[in-house]
Amino acid sequence: MAQPDPLITTVSTKGQVILPKAIRQRRDWDAGTRLVVEETPEGVLLKRAPAFAPTRPENVFGMLPFAGEPKSLEDMEAGVLAEARRRHDRD
């Protein structure tokens, strides 16, 4: 089987590179798509940037406002169980 011709682009005087249309379409990279650039031993790797920064649970716990008495672990477990029963009740 013949190898496809390599796609070639040029770096502009501003350091810009135009990605071939076929690659942008396959990757669904429209204008304005944010990409992460990683240097690798083989060259440069482009990946879509994540929509949100990675977070840890301890950094976001308590972020939503709540008015009322605090709930105990038993209250929370009972609420989860009641909701599971409500969603999966087969009667």
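Biologist: Why does arginine 86 count as exposed?

Modeller: Exposed means over 50% relative accessible area, buried means under 20%, and partly exposed is in between (1.4 Å probe, protein chains only). Arginine 86 has 57% relative accessibility, so exposed is the label. Before we go on: this is a predicted model, where local features need pLDDT of at least 70 and side-chain atom pairs count only at pLDDT 80 or more, while totals for chains, interfaces and linings use all residues. Residues are numbered from 1 along each chain as its sequence is written, and side-chain values use heavy atoms, with hydrogens and water left out.

Biologist: Which residues are linked with Glu83 in a network of salt bridges?

Modeller: Arg86 and Arg87. The side chain of arginine 87 also makes a polar contact with that of glutamate 83, at 2.7 Å. For that label, a pair of N or O atoms must lie within 3.5 Å; within protein, one must be able to donate a hydrogen and the other to accept it, and residues adjacent in sequence count only if both atoms are side-chain atoms.

Biologist: How many salt bridges does the rule give?

Modeller: Four. Among them are lysine 47 with glutamate 38, at 2.9 Å, and arginine 56 with glutamate 58, at 2.5 Å.

Biologist: Is lysine 47 buried, exposed or partly exposed, and why?

Modeller: Lysine 47 comes out at 38% relative accessible area, so partly exposed is the term. Glutamate 38, at 31%, is partly exposed too.

Biologist: Why is leucine 46 called partly exposed?

Modeller: Its relative accessible area is 31%, so leucine 46 falls in that in-between class. Leucine 46 lies in strand E2 (residues 43-48).

Biologist: Which element gives the most to the lining of the largest pocket?

Modeller: E2, with four residues.

Note on methods. Helix = DSSP H or I, 4+ residues; strand = E, 2+ residues; numbered from the N terminus. Salt bridge = Lys/Arg side-chain N within 4 Å of Asp/Glu carboxyl O.
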